[in-house]
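Please read this briefing alongside the sequence and the 3D view.

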Amino acid sequence: MSVEVFLCTAIENEPIQGFSVVPNPNAGQFQVNVILSNPAVCNLTIHDIQGKAVYSEALNLNAQMHALPLDLQNVSDGIYFLHLEADNQRFVQKLIVQRK
C-alpha cells in the first residue's frame with residue numbers, strides 16, 4: 001500500500017500566497033511580509049478597535065516576497081486590525097501596539 005500526499009501551495013488566480021506581521025506585539029514599528037504569486041494592487045488598512053482607520057495605503061506590488069516596514073508610533077497603545085486585500089482575497093491580522 002502506498003500513500004501520496006499533495007500539498008497545495010498556491011491557488012490559481014489568487015495573488016497573496018503568504019502574509020505575516022512581525023514583531024507582534026510591537027511598540028508601533030513593525031514589518032508586514034507579503035508573498036505574491038503574481039502582480040497585484042494590495043490595499044493595506046489598519047483599524048483601531050472601534051473600526052476607525054488609522055492607516056491606509058494602496059500598494060502596487062510585483063510577484064515576489066515583500067517586507068514592508070510600517071511606523072505607527074503616532075497611535076495609542078491597544079489592539080488594531082490590519083486588513084490586506086488584493087483581488088478577491090482579504091486577510092485580517094490582529095496587531096498589538098504596546099509600549100513599555
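The points below are grouped by topic.

This is a predicted model, in which local features need pLDDT of at least 70, side-chain atom pairs count only at pLDDT 80 or more, and totals for chains, interfaces and linings use all residues. Residues are numbered from 1 along each chain as its sequence is written, and side-chain values use heavy atoms, leaving out hydrogens and water.

**Fold and surface**

- The chain has zero helices and seven strands, where helices (H or I, at least four residues) and strands (E, at least two) are DSSP runs numbered from the N terminus.
- In sequence order the pattern is β-β-β-β-β-β-β.
- Of the 100 residues, 34% count as buried, that is, under 20% relative accessible area with a 1.4 Å probe and protein chains only.
- Contacts (heavy atoms within 4.5 Å) between residues at least 6 apart in sequence join residues at least 24 apart in 54% of cases.
- The accessible surface (Shrake-Rupley method, 1.4 Å probe) is about 6,600 Å², with 51% belonging to carbon and sulfur atoms.

**Cis peptide bonds**

- Most peptide bonds are trans.
- The bond from Val22 to Pro23 is cis, with omega near -15 degrees, and Pro23 sits in the loop between strand E1 (16-22) and strand E2 (29-36).
- Asn24 and Pro25 are also joined by a cis peptide bond, with omega about 10 degrees; Pro25 lies in the loop between E1 and E2.

**Positive phi**

- Most residues other than glycine have a negative phi.
- Asp87 has a positive phi, near 50 degrees, and belongs to the loop between strand E6 (78-86) and strand E7 (89-97).
- Asp87 is exposed (over 50% relative accessible area), at 55%.
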